[in-house]
Amino acid sequence: MYKFYAYLNRMKDIKRWSLMHSIREENIMEHSQAVAVIAHALGLINNKILGGNADVNKIVLLAQYHEVGEVIAGDLPTPIKYFNPEIKTAYKDLEKKACERILAMLPDELKSDYEQYILPDESTYEHKLVKGADRLAGDL
């Protein structure tokens, strides 16, 4: 079988915010599921209450895979990740390279199906909703 799925399974072993004090430990698999639930709700609210037309299925999949690179790169707390532009750029580059490495574990026939969620176009409305859900999940 492909190593890709084994790497995704490791998400349960990566502690979120390991350098920060937390009342309850959370791993990035749990966090991704929480973000997916919140993002799904935001997408539905956007479409059914606010009259939008976001792709709700895309939103859920973007949320589900938004932390995949941390299986290789690890989780860096937000205050450190965004401390200055140089650190932010370096960490984003590291995460991108980690995602590319994980995608390379898939057969060519499947790469494009996952790539759109693991290395998404960050300018889309769906991605912006996931970023909002990610922030909300961090505050819960």
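1. Start with Tyr-114. Tyr-114 counts as buried because its relative accessibility is 16%, and buried means under 20% relative accessible area, with exposed over 50% and partly exposed in between (1.4 Å probe, protein chains only). This is a predicted model: local features need pLDDT of at least 70, side-chain atom pairs count only at pLDDT 80 or more, and totals for chains, interfaces and linings use all residues. Residues are numbered from 1 along each chain as its sequence is written, and side-chain values use heavy atoms, with hydrogens and water left out.

2. What does Tyr-114 contact, leaving aside its neighbours within four places in sequence? The partners are Phe-4, Tyr-5, Tyr-65, Leu-103 and Leu-106. Contact means heavy atoms within 4.5 Å.

3. Now the aromatic pairs. The structure holds four. Rings of Phe, Tyr and Trp (its six-membered ring) pair if their centres lie within 6.5 Å; planes under 30 degrees apart count as stacked, over 60 as edge-to-face and the rest as tilted. Phe-4 and Tyr-5 make an edge-to-face pair, 5.0 Å centre to centre with 90° between the planes. Phe-4 is buried because its relative accessibility is 0%. Tyr-5 is partly exposed because its value is 30%.

4. Tyr-65 and Tyr-114 also pair edge-to-face, at 5.8 Å centre to centre and 85° between the planes. This pair links distant parts of the chain: Tyr-65 sits in helix H3 and Tyr-114 in helix H7, 49 residues apart. Helices are DSSP runs (H or I, at least four residues), numbered from the N terminus. Tyr-65 is buried, at 15% relative accessible area. Phe-4, Tyr-5, Tyr-65 and Tyr-114 form one aromatic cluster.

5. Next, the core. A nonpolar core is a set of buried Ala, Val, Leu, Ile, Met, Phe, Trp, Tyr and Cys residues joined through side-chain atoms within 4.5 Å. The largest one has 29 residues, and Phe-4, Tyr-65, Val-68, Tyr-114, Ile-118 and Val-130 touch the most other members. H1 (3-9), H2 (28-49), H3 (56-65), H6 (85-103), H7 (108-118) and H8 (125-139) each supply at least two residues. H2 gives the most, with five.

6. Last, the largest pocket. Its volume is about 810 Å³. Of the 30 lining residues, the closest to the centre are His-66, Lys-92, Glu-95, Lys-131 and Asp-134. On a 1 Å grid over the protein atoms alone, a pocket is an open set of points where a 1.4 Å probe fits, with protein on both sides within 12 Å along at least five of seven lines; lining residues have an atom within 4 Å of a point. H8 gives the most to the lining, with seven residues.

Methods. Points joined across faces, edges and corners; volume = space filled by probe spheres on them.
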